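Q: Could we go through the salt bridges of this protein together? Please show the sequence and the structure to begin.

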Amino acid sequence: MVYTHVSPIVKALAWMPVAIFFIDHGFSYATVSGRSMQPTFNPDSNMLRKDIVLLNKWAITDHKFKRGQVVTLISPIDPKAIITKRIIALPGDTIRPLHKQNETVTVPEGHCWIEGDEAFHSRDSNSFGTVPIGLINAKVTYILWPPSRFGPVEPKYINPDRFKRE
């Protein structure tokens, strides 16, 4: 018995694996909450408005990152939480933590140093140290909402006085 008519529901279900793969490994969006990335995200103090950003998950497959890029990652202190931070230092760099100016930390292989743009409202590497690069799950590439701020998320200049390249 050959069916010549396939229901639209069956056709839609046939595309489900493609859609799931695309969301898991390609692009998706996320809402950025909190103040830790101000002024890059959520620049006004109104916590009712939250930026929506485009996540590029495909871009992390090569594990090539640059200082200043904004990424999302699994929180090293709460594995159920996804956090948004900026990469400040890469493997082999020596960095001075913000709150401990007399100390330095050398970033080990396979790790990076991440910080929020708003130092006083961010739990980041200054609190918990270097993080494994494997925790990074996407690069934040565009602000999608609000429309007045639509555009690419540019890497931020990192002051070279903060770190030393090895």
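Q: How many salt bridges are there?
A: The count comes to four salt bridges, where a salt bridge is a side-chain nitrogen of Lys or Arg within 4 Å of a carboxyl oxygen of Asp or Glu. This is a predicted model, in which local features need pLDDT of at least 70, side-chain atom pairs count only at pLDDT 80 or more, and totals for chains, interfaces and linings use all residues. Residues are numbered from 1 along each chain as its sequence is written, and side-chain values use heavy atoms, with hydrogens and water left out.

Q: Which residue forms a salt bridge with Asp51?
A: Asp51 pairs with Arg149, and their closest N and O atoms are 2.4 Å apart. Asp51 belongs to strand β2 (residues 51-56), while Arg149 sits in the loop between β9 (136-145) and β10 (151-152), 98 residues apart. Helices (H or I, at least four residues) and strands (E, at least two) are DSSP runs, numbered from the N terminus.

Q: And Asp51, is that buried or exposed?
A: Asp51 is buried, with a relative accessible area of 3%. Buried means under 20% relative accessible area, exposed over 50%, and partly exposed in between (1.4 Å probe, protein chains only). Arg149 is partly exposed, at 25%.

Q: Moving on, what does Glu115 pair with?
A: Glu115 forms a salt bridge with Arg162, the closest N and O atoms lying 2.6 Å apart. This pair links strand β7, which holds Glu115, to the loop between β10 and β11 (163-164), which holds Arg162. Glu115 is buried at 5% relative accessible area, and Arg162 counts as buried at 15%.
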